Amino acid sequence: MLLSAGLVKAEKISNEAESEKMINYTIGWTTPNRHLFEVSIEVDVDTEAEIDFAIPSWRPGRYLIQNYARNVQEFSAVDQDGKALAWIKTDKSTWKVNSAGSSRVKVFYKYFANTLDAGSSLLDDSEAYFNGTNLFMYIPKRRAAPCSLKIYSPENWQTATSLKKIDGLFRASNYDELADSPVICSPSLKIYNFTQASVTYNLAFQGKVAYDIEKLIENVSKIVSAQVKLFGKAPFDSYYFLYHVVPGGRNHGVEHAFSSSMTVPESTFTNEIGRRNFYSLTSHEFFHAWNVKRIMPQVFNPPDYSRETYTKLLWFFEGVTSYYGDLLLRRAGVTDEKSYLNHLERLIYSMQNSPGRLIVSAEEASFDGWLQPDDRENAQISFYDKGELLGLLLDLEIRHTTNNTKSLDDVMRYLNNNFAVIGEGVGEDGIKKAVEKVAGRSFEEFFKKYVSGYEELPYNSLLATVGLQLTEEEDASKPNVYTGLKMAGDEKNTILSIIPGSPAEDAGIARGDLLLAIDDRQLTPSNYNEILSSYRPGDRLQITLFRRGYLRRFTLTLRSGANTVYTIKPLQQISETQKKTFLTWIN
């Protein structure tokens, strides 16, 4: 059964609501190629003369105002007899309905959904996929009320969601759970499951999986086992991994309390790197079931959907999740030591080639995560990457401080037991306090230098505690000359950014310039490195470019250092203490 707009607006409100306090949602569609979901919300009226219906401006897990109200169409409201009620819009995301004299109010609206990624919504003739934060309005004063959801989908379509289904209705304990429970409906959905310690884990795939599904399930089961072992027990009796396998897609995931939603390219399963990325993404999102969904910043408990919610702790809740996402792949036996250390090498390379690391702290990157600077290549760092490296260094520092009797694992368990289990959020100084509690000493200097400060991270001093060292080497496959230019990679040869203090900056070249030639040799996106490989440090290049429609020429003097790579190697001499710490850390 599908809801047509005409039927929806003519329908009188049913008297079958289980409870006066229950808020009843329905969702359906009639013309999927128009990408319009049809949503209704039914609520009992107490004594209110007016009821506000609001839609979130952002979703947890994506720290960016997205203004989901932009996709709402044809809002209307009726009373218990189907009589139209007056309403006004009070801000971009809130509709105020005049409920005076009514015993019930039901609102209707359509929602345009034509974006497929892990945090968005899509409706077409092949599936209906939706995230509640995108399209379900809430009543600000009744967010704690229980909710029901009826989905009007074709009879031959399957549904995958973590919401429990009772008597034909999906149930949520409150709006936050409803909004936090993505749904896939599709005739081609494939659902598999396995059980560990009486908990059922479901894997739902929308799209073609060109790989041994049993092997995938085996490795996901190993990831689950390693993470549950770290915390002691799972905080749920069932969990859903929702996957979209998308031709030409990208790896993207969003965490939820009882599920995770992910998109992966269709090519993911055709090679080892793709499969490793699949497991890494799965591990990251599953670890979020603890870190950020239950162990969460105080300001997220509960989230304010109407505005930015600021915290300096995203480096921990996202970055440390990334740290464990990949470390636990190794501990679970899904990847080997070499693969994990190679991952750390790439991560360090990325950080050391981010100019923003010298002017933006991990805390500042977290707090300003809502902003997208125009000069982001130079004035921003990833709190994911910096946080992952901080997680590594904190883990090694705690192990070194406590003679390998404690670790960051113990910090995670402390946070879980002292905050998540009792439903409390973590204060802005809570992570530092938890680390100090576990380690038994002050970490003031560490946090001042590396978390709130801009000092270079002490890779070697802490890698040495597990018998490793970070070395800088030359990559012979790349030119050994340094320009400081970062290219956009487009056909116009647009300069994406200029690294501060680089030869390009000294020469007067600017972001947005269109690079035409080097020493009168025409440049294309594919021959840039080839041309540079014929030069040496100290050579002077004549750069020809367009700047805002005018032909310009500049002289650039090359330096060395562009082909540096980072390699993690064992120390020449390793003590038994270092060996033991290495094994307990990585294995």
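Is Ser-148 buried or exposed? Ser-148 is buried, with a relative accessible area of 3%. Here, buried means under 20% relative accessible area, exposed means over 50%, and partly exposed is in between, using a 1.4 Å probe and protein chains only.

Before we go on, a word about the model. It is a predicted model, in which local features need pLDDT of at least 70 and side-chain atom pairs count only at pLDDT 80 or more, while totals for chains, interfaces and linings use all residues. Residues are numbered from 1 along each chain as its sequence is written, and side-chain values use heavy atoms, with hydrogens and water left out.

**Around Ser-148**

You can find Ser-148 in strand S10. Helices (H or I, at least four residues) and strands (E, at least two) are DSSP runs, numbered from the N terminus. Leaving aside residues up to four places away in sequence, Ser-148 touches Met-22, Ile-23, Asn-24, Tyr-25, Leu-169, Phe-170 and Arg-171. A contact of this kind means heavy atoms within 4.5 Å.

**Salt bridges**

Searching the whole structure turns up 28 salt bridges. A salt bridge is a side-chain nitrogen of Lys or Arg within 4 Å of a carboxyl oxygen of Asp or Glu. The table shows some of them.

| Pair | N to O distance |
|---|---|
| Arg-104 and Glu-42 | 3.4 Å |
| Asp-176 and Arg-143 | 2.9 Å |
| Arg-441 and Glu-397 | 3.0 Å |

Let us start with Arg-104 and Glu-42, whose side chains meet in a salt bridge. This pair links distant parts of the chain, with Arg-104 in strand S7 (residues 104-112) and Glu-42 in strand S2 (residues 36-44), 62 residues apart. Arg-104 counts as buried at 14% relative accessibility, and Glu-42 is buried at 9%. Glu-42, Asp-44 and Arg-104 are linked in a network of salt bridges.

Next come Asp-176 and Arg-143, joined by a salt bridge of 2.9 Å. They lie 33 residues apart: Asp-176 is in helix H3 (residues 175-179), and Arg-143 is in the loop between helix H2 (132-135) and strand S10 (147-151). Asp-176 counts as partly exposed at 21%, whereas Arg-143 is buried at 15%.

Finally, Arg-441 forms a salt bridge with Glu-397. Arg-441 sits in the loop between helix H12 (430-439) and helix H13 (444-451), while Glu-397 belongs to helix H10 (residues 383-401), 44 residues apart. Arg-441 is partly exposed, with a relative accessible area of 33%, but Glu-397 is buried at 15%.

**Nonpolar cores**

A nonpolar core is a set of buried Ala, Val, Leu, Ile, Met, Phe, Trp, Tyr and Cys residues joined through side-chain atoms within 4.5 Å. The largest one has 98 residues, and Trp-315 is one of those with the most contacts inside it. Apart from this core lies another, of 48 residues, among them Val-107, Cys-147, Trp-157 and Leu-163. Among the residues that Trp-315 touches are Val-320, Phe-383, Leu-390 and Phe-447.

Strands of a sheet pair through backbone hydrogen bonds, either parallel or antiparallel. Two strands pair if DSSP finds at least two bridges between them, and two bridges join strand S24 (residues 514-518) to S25. Ala-517 has Gln-522 in S25 as its bridge partner.
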